[in-house]
Amino acid sequence: SVIMFGPYWSDDGKNNVVVFRALDNKDRWLLSLDVSTQKLKLLERQRDEAWVGGPGTGFGPGAIGWVNNNQLWFQSEESGYSHLYVYDFTVNKKQSLTSGKYEVQAVELSNDKNLFYVTTNEVHPGEKHFYKLPSRGGKAEKLTSLTGANEVTLSPDEKWMAIRYSAGNKPWELYLVENKAGAKPQQITNYLSEEFKSYTWREPEVPTFKA
């Protein structure tokens, strides 16, 4: 038993993707529908005997969109970690844009579609950082510098980042920073009492173990 999402069309209406998910959450298919023949072509299948449901892959169609009329971007846990891929309809081939033992937790395409903005836990499983990388593939550039969790919202013109930030001994506050590597964040909220700030809060250790 499956549930279907789409089809989602390219701007020129020539290419599409249909997403199928098994109701037991063990399978996810990305397919393309040929309207003239009513046939489906497999682009990617992901199967997990436990669960298909990591960042960008679970519940609904998942994170998916068009770089251009011929290139579809999506996330997949094919490697065991959720990563960003592009499928090129002109050569019928997919390309991995990120890889490694970490998760891509959020994806956003830039206004001009030349860049992806991604949030990952590459630095440490307990941290979130914001990167930009070319949509054609290449090296990702880290844009956040504060140690901890950085949840970023870009301004509409993409010149500024609003960062909701916290760390193991620092509750959430809001920061503003230019959208460029090495820029200094400016804290724009200050919700902590003087009593809280005067206390020497310990830095918690984050252990790892083999599950």
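**Tyr102 and its protein chain**

Tyr102 sits in the loop between β8 (93-96) and β9 (104-109). Strands (E, at least two residues) and helices (H or I, at least four) are DSSP runs, numbered from the N terminus. The model is predicted: local features need pLDDT of at least 70, side-chain atom pairs count only at pLDDT 80 or more, and totals for chains, interfaces and linings use all residues. Residues are numbered from 1 along each chain as its sequence is written, and side-chain values use heavy atoms, leaving out hydrogens and water.

**Around Tyr102**

- Tyr102 has a relative accessible area of 10%, so Tyr102 is buried (under 20% relative accessible area, with a 1.4 Å probe, protein chains only).
- Leaving aside residues up to four places away in sequence, Tyr102 touches Tyr81, Ser82, His83, Thr120, Asn121 and Glu122. A contact means heavy atoms within 4.5 Å.
- A polar atom of the Tyr102 side chain lies 3.3 Å from the backbone oxygen of Ser99.
- Leu42 is 60 residues from Tyr102 along the chain, and their C-alpha atoms are 27 Å apart.

**The whole chain**

- The protein chain has 1 helix and 16 strands.
- Its C-alpha trace spans about 70 × 40 × 25 Å along its principal axes.
- Of the 211 residues in the protein chain, 42% are buried.
- Among contacts with a separation of 6 or more, 27% join residues 24 or more positions apart.

How values were computed. Buried means under 20% relative accessible area, exposed over 50%, partly exposed in between (1.4 Å probe, protein chains only). A polar contact is a pair of N or O atoms within 3.5 Å; within protein, one must be able to donate a hydrogen and the other to accept it, and residues adjacent in sequence count only if both atoms are side-chain atoms.
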